[in-house]
Amino acid sequence: MNLWREEWRRLFLKRKLLWVLLVLLAVELCSLCYSLDTRNNMDEDSAAVYWDYMNRYAGEMTNEKRLAITQDIAQRQEWEVEKNVLTQNYADGEISREEYRSEMTRLRELTKGNAGFQRFLEVYQGVNENMPILADSTGWDVLFGNGGIDIFLVLGLMYMQLALTVNNEELGVNRLIFSTPKGKRPLIAAQLTTALGTSFLFSAAVYGGKLLCAVLLFDLSGFHLPLRAAEIFVQTPWELTLGEGYFYLSLIKLAGALVLVLLIGLVGRLSRSTLYTAFISLIAVYIPAYMFSDWYGRFYLPLPSSLLSANGYFSALDLSSAYPGENGEILVRSFTEGQLWLFFAAVLLVIALLYLANVLLWTRRRSAV
């Protein structure tokens with residue numbers, strides 16, 4: 001117990017891991033705010049128009065709502081035609097300058113915030129028989145992201161594991177503790193479990209913090225809506241809600257974090273160098289992600305890059321595999337439930353094997369010291 005407590009104390013106090021975690025969380029939240037602001041990049045009038053229509057028509061889509069929206073579209077189109085006719089009449093000298101100004105001011109007031117109305121129509125066009133609900137999914141789209149790997153999380157996990165293992169190798173701390181009669185096995189267990197526990201803490205802080213921030217600062221709603229409401233999952237065959245989808249994707253990324261820290265530990269014990277370990281670990285994460293970015297088969301491989309990107313497990317594995325659903329909607333092939341359970345059984349096996357590899361390699365190397 002003392003070794004576990006000492007490892008945590010050394011990480012969070014001496015290695016300033018707590019500050020690293022707080023900075024990481026702050027960067028993640030700033031990134032979330034920036035992404036949401038970019039997504040909501042509308043002027044004040046457009047934003048007001050967008051939310052006015054969303055508040056009027058959000059929720060279950062009925063025939064009455066569809067008819068009302070169709071009438072709104074026709075009315076907006078009619079106003080645009082009137083503006084063109086008015087301009088032409090003024091150019092032909094059929095109306096005075098004062099009449100033109102007065103009428104054009106009225107029409108511009110009616111059609112202001114057109115960008116917001118077009119944004120509303122984009123959301124409305126995504127409503128179909130498969131997802132007959134109109135809802136704003138901007139916050140969820142940002143939370144799910146585009147399937148990229150979170151560089152800040154990767155760097156935070158790498159800093160933690162390097163401080164826990166490789167740095168001790170370079171300073172000779174492990175050699176000193178191993179020289180004691182009961183130092184070897186307790187230290188192995190303490191450092192490995194500390195690495196896994198800290199990885200869980202990192203992931204929970206990042207993904208839970210981003211969700212909490214979105215709920216508190218951006219009024220995130222629609223937890224009960226189908227996963228298809230999110231832009232990236234619009235064609236998914238999975239019957240999940242947005243809340244369930246975010247939870248499961250966070251678990252997948254957590255599994256990726258565990259695989260990554262165990263892989264870093266293994267490379268670190270082989271190289272005994274912070275520089276080499278960091279370089280090789282980054283390559284192991286990002287080279288597969290970029291080299292095979294268009295190959296959906298990479299999600300069948302339990303690699304850190306696949307698990308940390310995560311979205312591919314619930315979105316299309318092959319965009320050419322589109323097929324009609326029961327209600328005529330277009331879906332794409334993804335993992336089935338059975339395939340996903342089998343895959344994550346393999347992921348757990350990989351985690352167990354990496355854990356044992358760390359233990360066996362460390363024990364064997366230190367037995368010769």
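1. The protein holds 14 helices and four strands, where helices (H or I, at least four residues) and strands (E, at least two) are DSSP runs numbered from the N terminus. This is a predicted model, in which local features need pLDDT of at least 70 and side-chain atom pairs count only at pLDDT 80 or more, while totals for chains, interfaces and linings use all residues. Residues are numbered from 1 along each chain as its sequence is written, and side-chain values use heavy atoms, with hydrogens and water left out.

2. Of the 369 residues in the protein, 45% are buried, a term that means under 20% relative accessible area, with exposed meaning over 50% and partly exposed the range in between (1.4 Å probe, protein chains only). The accessible surface of the protein is about 19,400 Å², and carbon and sulfur atoms account for 62% of that area; such areas come from the Shrake-Rupley method with a 1.4 Å probe, and for residues only the protein chains shown count as cover.

3. Taking contacts (heavy atoms within 4.5 Å) between residues at least 6 apart in sequence, 73% of them join residues at least 24 apart.

4. How many salt bridges are there, if one is a side-chain nitrogen of Lys or Arg within 4 Å of a carboxyl oxygen of Asp or Glu? The count comes to six. One of them pairs Asp 72 with Arg 56, at 3.9 Å from N to O. Because Asp 72 lies in helix α4 (residues 63–91) and Arg 56 in helix α3 (residues 44–57), this pair ties together parts that are 16 residues apart in sequence. Asp 72 is buried at 17% relative accessibility, whereas Arg 56, at 42%, is partly exposed.

5. A salt bridge also links Glu 80 and Lys 83, whose closest N and O atoms are 3.8 Å apart. Both residues belong to helix α4 and sit three residues apart, about one turn of the helix. Glu 80 is partly exposed, with a relative accessibility of 29%, but Lys 83 counts as buried at 18%.

6. Between Lys 112 and Glu 109 there is a further salt bridge, with 2.9 Å separating the closest N and O atoms. Lys 112 has a relative accessibility of 35% and is partly exposed, and Glu 109 is likewise partly exposed, at 48%. Elsewhere, salt bridges with shared partners join Asp 52, Arg 56 and Asp 72 into one network.
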